[in-house]
Amino acid sequence: MTGHLEVHEGGGVRLVALAGPLLSIGRAPANEVAIDSRRVSRLHAVLERFPSGWSIRDLGSTNGTSVNGVPLRQARPLHDGDRIDIGPARLLYRCPDVQPATETVTVEPAPAVPSLTRRERDVLTALCRPLTTGGQAFPEPPSVRELAGELGLSESAVKKHLTNLYDKFGLTTNADRRRPRLASEAVRRGAA
C-alpha cells in the first residue's frame, strides 16, 4: 500500500488506502472514512489528489478540522506524517513515495458571502439544511414546493428568492442542478 491514512479512533487503528481522486471523511456511513461521533459533520472534510500530491479541505464543518494542531481555514497540501484531527479521531497521513512538489500550488480562499436579505437567508438556510443534517453523504436539496411549504411562502416567491441567490452567488447559467450547486456554494462560503 503506497499511501494510506491511519485512522485512530476509539482505541483502535484502521488503515484506509489513498485511492481515487477523492476521499470523503464524515459521520455518514457512505464516506470512505466514516467517523461515528456527533462531533463530526455528516460530510466533514475531503482529501483530494492533485498531480503534486494530496490536499485536505474542510467542508464547512461545525467543529472544524485541524492539521498538526493548526485549525484548517482553507485547503492545504499534506505531507507524510501530518496528523489530522476530526472530532475524536486522529488520522495520520502516510504517503512516503510522494516527492516534494517543485512548484507551489496556491488555493484561493472562498469568496465572501454576498449581502443577503432576511428572507434570502431563510431560503438559503432551508435549502442547505440537508447538507448539514441527516444521514446521506450527498443529499438532494429540497424542491421549490418543499421550500415554500417549510417557509410559508408561495412557490413563486421562493423562485424569486432563488433567482436572486443564483445571481448573488454567481450561478448565472440556466444549467440543471442549480439548487444543489447553490447549496454547495453557500456551505463552502460559510453562508449556511
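This briefing describes the confidence, nonpolar cores and selected residues of a predicted protein model. The mean pLDDT, the predictor's confidence in each residue from 0 to 100, is 85 for the protein, and 88% of the residues score at least 70. Residues are numbered from 1 along each chain as its sequence is written, and side-chain values use heavy atoms, with hydrogens and water left out. Local features need pLDDT of at least 70 and side-chain atom pairs count only at pLDDT 80 or more, whereas totals for chains, interfaces and linings use all residues.

**Confidence by element**

- Helices (H or I, at least four residues) and strands (E, at least two) are DSSP runs, numbered from the N terminus.
- Confidence is highest in strand β10 (residues 83-86), at a mean of 94, and lowest in helix α4 (residues 178-189), at 82.

**Nonpolar cores**

- A nonpolar core is a set of buried Ala, Val, Leu, Ile, Met, Phe, Trp, Tyr and Cys residues joined through side-chain atoms within 4.5 Å; buried means under 20% relative accessible area, exposed over 50%, and partly exposed in between (1.4 Å probe, protein chains only).
- The largest such core has 22 residues, and L5, V33, L47 and L91 have the most contacts inside it.
- Two or more residues of this core come from each of β1 (4-9), β3 (22-26), β5 (45-50), β6 (53-58), β10 and β11 (89-94); β11 gives the most, with three residues.
- V33 is in contact (heavy atoms within 4.5 Å) with L5, V7, R14, V16, L23, S24, I25, G26 and L91, leaving aside its neighbours within four places in sequence.
- Another core, of 21 residues, lies apart from the largest one and has L116, V123, L182 and A186 among its members.

- Strands pair if DSSP finds at least two bridges between them; β1 and β2 (residues 12-17) run antiparallel and are joined by six bridges.
- E9 has G12 of β2 as its bridge partner.
- Two residues separate β1 and β2 in this hairpin, and G10 in the turn has a positive phi of about 60 degrees.

**Individual residues**

- Most residues other than glycine have a negative phi.
- N68 is not a glycine, yet has a positive phi of about 55 degrees.
- The loop between β7 (66-67) and β8 (70-71) contains N68, which counts as partly exposed because its relative accessibility is 42%.
- H161 is found in helix α3 (residues 155-168) and counts as buried because its relative accessibility is 17%.
- Not counting residues up to four places away in sequence, H161 touches R119, E120, V123 and L153.
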